Amino acid sequence: MDKAIEHYQKTLRAQPEHALAHCNPGYAQLLKGNSNDSVVHLQKAVVLEPNFLQAHYHLATALIQAGKPADAAIHYRETLRLQPDNVEILATVAWLLATCPVDSVRNGAQAVEFARRAAQLSEGHDVMVLRA
């Protein structure tokens, strides 16, 4: 993973205003568990390209790791805006809304709505839905 991050940093130096050049090292840092470094890169990616679904999704995941579920919910909702019928995203947002310790984020009714939509779209064949 360190070699990949090194490669991504080289690309980033060459293309500092390219969203993917920030998303890739951000995701690599996320996989390493470095949520703070990940958040910095992924926030830059979504600023550069506001409709970059993967950057929003990975940023939300990094924010969860960083203990910021309210901020994560914003980016998960943005991924839903970009892909409203994505089963994985629906299930992930349903899980967050059902289990979030932050009262302002937790919304059981909406969690059930998203989980039902995910189950409907997957016709019961996606294990991600079972988690939600």
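Student: Are Y57 and Y76 buried or exposed?
Tutor: The model is predicted; local features need pLDDT of at least 70, side-chain atom pairs count only at pLDDT 80 or more, and totals for chains, interfaces and linings use all residues. Residues are numbered from 1 along each chain as its sequence is written, and side-chain values use heavy atoms, without hydrogens and water. Buried means under 20% relative accessible area, exposed over 50%, partly exposed in between (1.4 Å probe, protein chains only). Y57 and Y76 are both buried.

Student: How many aromatic pairs does a search of the whole structure find?
Tutor: Rings of Phe, Tyr and Trp (its six-membered ring) pair if their centres lie within 6.5 Å. The search of the whole structure gives 1.

Student: Which geometry does the pair of Y57 and Y76 have?
Tutor: Planes under 30 degrees apart count as stacked, over 60 as edge-to-face and the rest as tilted. The ring centres of Y57 and Y76 lie 5.6 Å apart with planes at 65°, so the pair is edge-to-face.

Student: Which helices hold Y57 and Y76?
Tutor: Helices are DSSP runs (H or I, at least four residues), numbered from the N terminus. The pair ties together parts 19 residues apart in sequence, because Y57 lies in helix α4 (residues 53-65) and Y76 in helix α5 (residues 69-82).

Student: How many helices and strands are in the protein chain?
Tutor: Strands are DSSP runs of E, at least two residues. The protein chain has 8 helices and 0 strands.

Student: What share of the 132 residues of the protein chain counts as buried?
Tutor: The cut-off is the one used for Y57 and Y76, both buried. For the protein chain, the share is 41%.
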